[in-house]
Amino acid sequence: MNVRTAIRTAATRLCDAGITEYENDAWLLFSELTGMSRSDYLIGSNEELDLDTIAKYNAMIERRAQREPLQYITGKAYFMGFEFVVNNSVLIPRFDTEVLVEEVLKAATSTTKLLDMCTGSGCIGLSVAAIKHCDVDLADISPAALKVAEDNRKRLGLNNIKIIDSDMFSNIDETYDIIVSNPPYIPTGDIDSLEPEVRNSEPVSALDGSKDGLKFYRILANKGAKYLKCGGSIFLEIGYNQAEDVKSLLENNKFADVRVIKDLAGLDRVVCGRRM
C-alpha cells in the first residue's frame, strides 16, 4: 500500500465513523507518525509503506474512529503559539481560552505574581509566564494533571513556576496580583450531551461544575479576594450562558469594575474584576 492509498483509506474510515474533519485528521495522524510534510507528500505520495508503519497508522486511525481526541493520540496540543503535552488527565487546550490569556496579558507585567487555579495542563499560566517572564503558581487537585503541567514547564524551559497540589485554595498561602482560572463549569446534567470526544475521553472532574455549573465560581468569588493583593484582579473563563451569574457572584463579594469579555464568535467568554 502506498502513502496516498493509506491516507485515503484512513479518511474513508474516519468519515464512516462520523468524524467531521476526516481528511484533515487522517493527514495529521499520518504526518505525526511518519514526519512527512505536505511538500514531502507531493513528492512521495506513491511510495510504498512497510507493514509496521501501516499497522501503527491503522491503530491510530482506529483510536480516532472510536472518537478519541486527536490531541490525546498525538500527545500534544497547540495553544498561544506553544506546543503542550496533553493526555487524558487534562483538558485539551481550546482556542477560545486564548481570549482569557490575552486579557490576562494586558494586565500582567514582569513583576506580576500570578496564580493559575485549576491549571490542568498548565497552558494558561505557563503561556503568561513564557510571554511576560513573571512568577506563576500552578494549582490543581489532580496529581496526574500537575505532572502534565510540570512536563510542560520543563519543555518550555521555565524556572519561575511553582506547582501546588491544592483543592482550590486549601494549600495556597500567598497573595497574588492576578488569579486566573478556567474551572469546571459544565452543569452535571449536561455532561451526557457533550460530544463523544469530550464526555468519553476528557476528565469529568475537569468538566463537571455541579448541578448548576457554578460550584467553583462560588469558591473563587467567596475566597479569591483573600488571596489577592489590594487592587489585584481575577480573570475567569465561563460558559456562554454564565456571564450574569458569575458577574453577580463577583459583585456580591465586593469585587469592583466587574466586566464581561466576549470571544471572537461574540459569545460571553471571560468575567473579570478587581479586589477593592
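These exercises work through the cores and pockets of a predicted model.

**Exercise 1. Find the largest nonpolar core and the elements that build it.**

Step 1. Count the residues: the largest nonpolar core has 33.
Step 2. Pick out those with the most contacts inside this core: M117, F169 and I172.
Step 3. Assign elements. At least two residues each come from β3 (113-117), β6 (176-181), α10 (215-223), β7 (228-237), α11 (243-252) and β8 (255-262).

**Exercise 2. List what F169 touches beyond four places away in sequence.**

Step 1. Contact here means heavy atoms within 4.5 Å.
Step 2. Read off the partners: L115, M117, I179, I219, L220, K223, G224 and Y227.
Step 3. Check the core list again. M117 and F169 both stand among the residues with the most contacts inside the largest core.

**Exercise 3. Describe the largest pocket.**

Step 1. Volume: about 1,000 Å³.
Step 2. Lining: 49 residues, with L91, P183, P184, A206 and L207 nearest the centre.
Step 3. Elements: α7 (123-132), β4 (135-140) and α10 give two or more residues to this lining.
Step 4. Classes: 25 nonpolar, 12 polar and 12 charged.

**Exercise 4. Do likewise for the second largest pocket.**

Step 1. Volume: about 440 Å³.
Step 2. Lining: 19 residues, with R64, P69, L70, Q71 and E197 nearest the centre.
Step 3. Elements: α2 (22-34), α5 (70-74) and α9 (196-199) each supply at least two. The largest share, three residues, is from α2.
Step 4. Classes: seven nonpolar, four polar and eight charged.

Notes. Residues are numbered from 1 along each chain as its sequence is written. This is a predicted model: local features need pLDDT of at least 70, side-chain atom pairs count only at pLDDT 80 or more; totals for chains, interfaces and linings use all residues. Side-chain values use heavy atoms; hydrogens and water are left out. A nonpolar core is a set of buried Ala, Val, Leu, Ile, Met, Phe, Trp, Tyr and Cys residues joined through side-chain atoms within 4.5 Å. Buried means under 20% relative accessible area, exposed over 50%, partly exposed in between (1.4 Å probe, protein chains only). Helices (H or I, at least four residues) and strands (E, at least two) are DSSP runs, numbered from the N terminus. On a 1 Å grid over the protein atoms alone, a cavity is a set of points where a 1.4 Å probe fits but cannot get out, and a pocket is an open set with protein on both sides within 12 Å along at least five of seven lines; lining residues have an atom within 4 Å of a point. Grid points are joined across faces, edges and corners, and a volume is the space filled by probe spheres set on the points. Ala, Val, Leu, Ile, Met, Phe, Trp, Tyr, Cys and Pro count as nonpolar, Asp, Glu, Lys and Arg as charged, and the others, Gly among them, as polar.
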